[in-house]
Amino acid sequence: MTVYRFKSRETGDLVMLRPHGQRLLEIIGKDPHSPGVLQPEEIPRAIERLRAAVAAEEAEQKPAADEADGDDDKAAERAAVSLRMRSAPFIEMLERCLKAGVEVVWGV
């Protein structure tokens with residue numbers, strides 16, 4: 001599988017490249033190597049885990065960002081897509097599915 005396709009009855013499909021989808025699934029505690037389902041009752045915990053991972057990444061990168069001010073090479077490193085940006089569409093999908101009471105599936 002070169003991409004992950006997250007599907008629900010509430011939203012359109014969300015497609016992510018394998019490394020990014022795999023990382024999100026690992027964060028929420030799901031096996032990224034097989035098809036799966038996230039039930040509505042599991043969604044609040046998944047959102048909580050994703051937000052905690054985003055906060056942890058940002059806290060970890062804060063000292064590096066402060067050090068990189070004025071250093072073009074380090075500023076370029078910071079320009080990489082953050083977990084906050086990568087996870088935002090997935091979190092939005094999860095929130096909508098939670099509200100509608102539907103599951104999210106992948107790999108099917």
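**Values and cut-offs**

Trainee: Why is serine 34 called partly exposed?

Mentor: Serine 34 has a relative accessible area of 28%. Buried means under 20%, exposed over 50%, and partly exposed in between, with a 1.4 Å probe and protein chains only. The value of 28% falls in between, so serine 34 is partly exposed.

Trainee: What kind of model is this, and how are residues numbered?

Mentor: This is a predicted model, in which local features need pLDDT of at least 70, side-chain atom pairs count only at pLDDT 80 or more, and totals for chains, interfaces and linings use all residues. Residues are numbered from 1 along each chain as its sequence is written, and side-chain values use heavy atoms, leaving out hydrogens and water.

Trainee: What makes the link between serine 34 and aspartate 31 a polar contact?

Mentor: Their side chains are joined at 3.1 Å. A polar contact is a pair of N or O atoms within 3.5 Å; within protein, one must be able to donate a hydrogen and the other to accept it, and residues adjacent in sequence count only if both atoms are side-chain atoms. The 3.1 Å pair is therefore within the limit.

Trainee: Why do glutamate 57 and arginine 23 count as a salt bridge?

Mentor: Their closest N and O atoms are 3.2 Å apart. A salt bridge needs a side-chain nitrogen of Lys or Arg within 4 Å of a carboxyl oxygen of Asp or Glu, so this pair qualifies. Glutamate 57 lies in helix 2 and arginine 23 in helix 1, so the pair ties together parts 34 residues apart in sequence. Helices here are DSSP runs of H or I, at least four residues, and strands are runs of E, at least two, numbered from the N terminus.

Trainee: Is glutamate 57 buried or exposed?

Mentor: Glutamate 57 has 13% relative accessibility and counts as buried. Arginine 23, at 38%, is partly exposed.

Trainee: Where does helix 4 bend?

Mentor: Helix 4 bends by about 30° at proline 89. The bend is the angle between axes fitted to the seven residues ending there and the seven starting there.
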